[in-house]
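Subject: Structure handover

Hi,

Here is the structure I promised to pass on. Please open it beside this email and follow along.

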Amino acid sequence: MSRLRRSGPTPGSNDPAERPRRQVYICTTVYNLFIALLLNMANRRPGRESAAILLDGLSGHPDWPPFTELVHRIGSASLFDHVVPFDSSQLERDALRRAASPLRWAFNRPGVILERARTSNPHLRDMTEFIRSAEINLFFYNQRLDYFLLEFPEKKFRVYEDGFGTYRWNPTWSDKLRSMLLRVPVRKGADRRIEAIFVQHPERISRRLAHKTYSFSLEALSAGLTTDQVSDMFAVYLDDATKLDALSEHRPRSIILTQDLRRTRLIREESDQVKFYRAVCQDLIDPSHQVVIKPHPADRTDYSAHFPQAIVLPRAFPIELLNLLGKSLFEAGYTVSSTSLENMTAVRRRIYLGLNAIRRALVPRRFVWNPTFTMTLGRRARWVCGQAACRPVH
């Protein structure tokens, strides 16, 4: 039996013609904002309205503009009819506990959450009626979003996949027991107010959530975008328009998805990491190709200083956005082991270098202790299997 409901209009229907007139998108990350933009552009019709509620954590990345600038940038582009900032700093667990007495925290937690959210966001009162009459879309669920389910208990919510974490949701009886005792929403997508969960691979979702799981495709959402809409989306993430112009030129190019290789313990210094990626550019990439570097969010290396001829994208740039520029944008994509390369339909060849490439590039210059010297036989066997999975694939 299929794990997805397919017959007739359903609460999880993604057909714009069947969607309510008003839509609200509550974004907690830059990737959430990217999906919200795609959904909103697909849902745009005369007489329809949309609102984006941006949590302050959205601007917590060093490469991302200040929160006030972000709100202004999205508002000035008219991508949503309403852009509403939301201060969620007072909804963290420690902040909530400090704001309430132990007795109130134990027996009236919903009241504490509602009070702190309303006090921190008085401007949200003007949007209350709009939200009550709209369909609400979430992209992740954590304690900071409890407020919306408590403030609008009569509403039904839709949740869209937020990366690999959504597939790890596996609600248990303890989650439901916690909800009953504390009178707060059930976590991990199991709350009754969450009527639909949209993921790209529904077969990977927990069986406990299969009854309300639906499939959606990023490629299908972006298929109907116009050139102006694509430019508007890039304007949100790129403050330098020349980078978009350079990416739009018809010329061969390759992309490198970096990682913080110091976590592998094969590289200890930032200079060694720069040497490794320089070796990739010199030894593997065609000299006639334009090089594009997309740093991993955890990689703090300033590649623009070391690779002045390359196009260096912001760390907070969603790599899926490049798919909007065409399926043959890059001749090849290189990474050590980043799974983000799988999400890129704009790459013709995906090349996974593996950890051995780091050894070949750097070990002759510096001795690095091999941890297998002191491994037991069983642990060494597991290590060898792990390395085999990272061998270069051409």
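Two strands pair if DSSP finds at least two bridges between them. Helices (H or I, at least four residues) and strands (E, at least two) are DSSP runs, numbered from the N terminus.

Some ground rules come next. This is a predicted model, where local features need pLDDT of at least 70, side-chain atom pairs count only at pLDDT 80 or more, and totals for chains, interfaces and linings use all residues. Residues are numbered from 1 along each chain as its sequence is written, and side-chain values use heavy atoms, with hydrogens and water left out.

**The whole chain**

The protein chain has 15 helices and 12 strands. It holds 394 residues, and 51% of them count as buried. Buried means under 20% relative accessible area, exposed means over 50%, and partly exposed is in between (1.4 Å probe, protein chains only). Contact means heavy atoms within 4.5 Å. Take the contacts between residues at least 6 apart in sequence: 66% of these join residues at least 24 apart.

**The seven-strand sheet**

Start with the open sheet of seven strands. Its order is S3-S2-S1-S4-S5-S6-S7, and the pairing is parallel. Strand S3 (82-86) and strand S7 (213-215) are at the edges; each has a single partner strand, so one side of each lacks a neighbour in the sheet. From one strand to the next, the twist averages 25 degrees.

Now look at one pair. Strand S1 (residues 22-27) pairs with strand S2 (residues 49-55) in the parallel sense, over six bridges. Arg22 has Glu49 in S2 as its bridge partner. Helix H1 (residues 30-43) lies across S1, S2 and strand S5 (157-160). H1 runs at about 170 degrees to S1. Axes are lines fitted to C-alpha atoms, for helices over the stretch in contact, and angles run from 0 to 180 degrees between N-to-C directions.

Next, find Ile136 in strand S4 (residues 135-138). Is Ile136 buried or exposed? Ile136 counts as buried, because its relative accessibility is 0%. Leaving out residues up to four places away in sequence, Ile136 touches Val24, Ile26, Ile131, Lys155, Lys156, Phe157 and Arg158. Phe148 is 12 residues from Ile136 along the chain, and their C-alpha atoms are separated by 9.3 Å.

**A loop with two positive phi values**

Go to the loop between helix H8 (173-182) and strand S6 (194-199), where Arg183 sits. Phi of Arg183 is near 60 degrees, a positive value in a residue other than glycine. Arg183 counts as partly exposed, because its relative accessibility is 46%. Lys188 lies in the loop between H8 and S6 as well. Lys188 is not a glycine, yet its phi is positive, at about 60 degrees. With 31% relative accessibility, Lys188 counts as partly exposed.

**The five-strand sheet**

There is also an open sheet of five strands. It has parallel pairing, in the order S10-S9-S8-S11-S12. Its edge strands are strand S10 (311-312) and strand S12 (347-352), and each pairs on one side only.

Strand S8 (residues 253-257) and strand S9 (residues 290-294) run parallel, joined by five bridges. Arg253 is opposite Gln290 in S9. Ser254 has Val291 in S9 as its bridge partner. S9 also pairs with S10 in the parallel sense, over two bridges. There, Val292 stands opposite Ile311 in S10.

Which way do the residues of S9 point? In a regular strand the side chains alternate between the two faces of the sheet. Gln290, Val292 and Lys294 point one way from S9, while Val291 and Ile293 point the other way. Five of the five residues of S9 are buried.

**Helix H12**

S8, H12 and S9 make a right-handed β-α-β unit. A crossover is right-handed if, with the strands pointing away from the viewer, the path from the first strand over the helix to the second runs clockwise. H12 lies across S8, S9 and strand S11 (330-335), at about 160 degrees to S8.

H12 has a helix partner too. Helix H12 (residues 270-283) packs with helix H14 (residues 355-362) at an angle of about 100 degrees, and their axes are 10 Å apart. H12 is therefore roughly perpendicular to H14. Angles of 65 to 115 degrees count as roughly perpendicular, under 35 as roughly parallel, over 145 as roughly antiparallel, and the rest as oblique. Asp272, Lys275, Phe276 and Ala279 in H12 meet Ala357, Ile358, Ala361 and Leu362 in H14.

Over to you.
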